[in-house]
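Hello,

Here is the structure you asked for. My notes follow below it.

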Amino acid sequence: MPETKPTRNEQIVNLRVFATLVVVLGHCIIIFDPSWSASFGFHHQYDCHTAVLIKRFINLFQMELFFVISGICFGYDKSNTVGPLNFVKKKFYRLIIPFIAIAFIWLLPIRIAINFPRYESLSFFEIVYNILTARDAGHLWFLPVLFNIFIISFSLRLCSEKKWLVIFFAFALFLLHFKIASFIIRQTCYYFLFFSIGNVMDLTAATHRKRTLIAIGAFLLVLVCAFFDFESSRFRVIETMLIVLFIFAIIPHRTNSIIARIDRSSFGIYLFHSPILLFGMTFLTSLPPPLLHFNTIFNGHNSLHWSHQYCQTE
């Protein structure tokens, strides 16, 4: 008897597209953030304080939202009942192969072509090492970290079906991440908490009235947290969870063909978009913010087209 294909959750489609576009937006305006410019060596001639505020707000939830969505998909994916070896192979081909391929065929050549400031004092071996360990792999660090989290989650599922145990373990790892030096392991321990929260979420349980109350409550609490130092680790994680909860509460349950098409290309958009923006950050720093944003949107359209072609051939 042929296997029935699971129904696509349209709320997840909307969430994934929203998360992808928010990340792209954040990377489009990151050059105006002085803290980022000082770290990477890019400098823009114009100040854009509004863009800096938007970027810092996006930083509060952009990647956490991705991991919550990934956790939800893991919880609903019936194919996760395959054997451990097949599961590892599936995730390796899906995450690690693209990580290596895009890093060395796309990201690295573009960085070399623009004389990436961080590479000035590094040998080629050090550059390769930093990429493979995700210490300096740009936006691609997400892939090996998600791979680690999938393996941990699958292993825990084999040991026990009790979801409270997963949350307890995730919270323990979250408390440990402050002390860990390795970038990949530290990020794995931090984001595993958000992945696990998504894994135990039931999107079908909330009624419209309950979602409205959640949205209002989360929004009010976010305003309260805004009076605290939410950049510190103590308050940041609380506000992040509240923002993610608010987004889930207000995101529509119905989608359309345009959003569905972007969703099919979302993985490719994430893979390809960031290196393209490096050209604008290098050669167009004299443009005022509106013109630079126009160039970014144009490049973003090209990224969407190329990534769609990539996803079509997967």
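**Helix α4**

Helix α4 covers residues 62-76, which is 15 residues. From first C-alpha to last it reaches 22 Å, close to the 21 Å expected at 1.5 Å a residue. The expected span is 1.5 Å times one less than the number of residues in the helix. Helices (H or I, at least four residues) are DSSP runs, numbered from the N terminus.

Before the rest, note that this is a predicted model: local features need pLDDT of at least 70, side-chain atom pairs count only at pLDDT 80 or more, and totals for chains, interfaces and linings use all residues. Residues are numbered from 1 along each chain as its sequence is written, and side-chain values use heavy atoms, with hydrogens and water left out.

Is α4 enclosed or exposed? It is largely enclosed by the rest of the structure, because 12 of its 15 residues are buried. Buried means under 20% relative accessible area, exposed means over 50%, and partly exposed is in between (1.4 Å probe, protein chains only). The buried residues of α4 include Phe 66, Phe 67, Ile 69 and Phe 74.

**Salt bridges**

How many salt bridges does the structure hold? It holds 3. The criterion is a side-chain nitrogen of Lys or Arg within 4 Å of a carboxyl oxygen of Asp or Glu.

Asp 263 pairs with Arg 16, the closest N and O atoms being 2.6 Å apart. This pair links distant parts of the chain. Asp 263 sits in helix α12 (residues 257-264) and Arg 16 in helix α1 (residues 10-28), 247 residues apart. Both Asp 263 and Arg 16 are buried.

Arg 111 forms a salt bridge with Asp 136, with 3.3 Å between the closest N and O atoms. Here helix α5 supplies Arg 111, while Asp 136 comes from the loop between α6 (124-132) and α7 (142-159), 25 residues apart. Arg 111 is buried at 3% relative accessible area. Asp 136 also counts as buried, at 7%.

Arg 118 forms a salt bridge with Asp 136 as well, and their closest N and O atoms are 3.5 Å apart. Arg 118 lies in the loop between α5 and α6, 18 residues from Asp 136. Shared partners join Arg 111, Arg 118 and Asp 136 into one network. Arg 118 is partly exposed, with a relative accessible area of 29%.

**The surface of α5**

Helix α5 runs over residues 84-113 and contains Tyr 93. Tyr 93 is exposed, at 56% relative accessible area. Together with Phe 92 and Ile 97, Tyr 93 makes a nonpolar surface patch of about 300 Å². Patches are made of residues with over 30% relative accessible area and no salt bridge; like charges are joined within 9 Å, nonpolar side chains (Val, Leu, Ile, Met, Phe, Trp, Tyr) within 5 Å. Areas come from the Shrake-Rupley method with a 1.4 Å probe; for residues, only the protein chains shown count as cover.

Arg 94 is also in α5. Arg 94 is partly exposed, with a relative accessible area of 37%. Arg 94 and Leu 143 are 49 residues apart in sequence and 9.0 Å apart in space, C-alpha to C-alpha.

**Cysteines**

A search of the whole structure finds 0 disulfides (pairs of cysteine sulfur atoms within 2.5 Å). Cys 73 is partly exposed, at 28% relative accessible area. Cys 159 is exposed, at 68%.

Best wishes

Notes: Helices (H or I, at least four residues) and strands (E, at least two) are DSSP runs, numbered from the N terminus.
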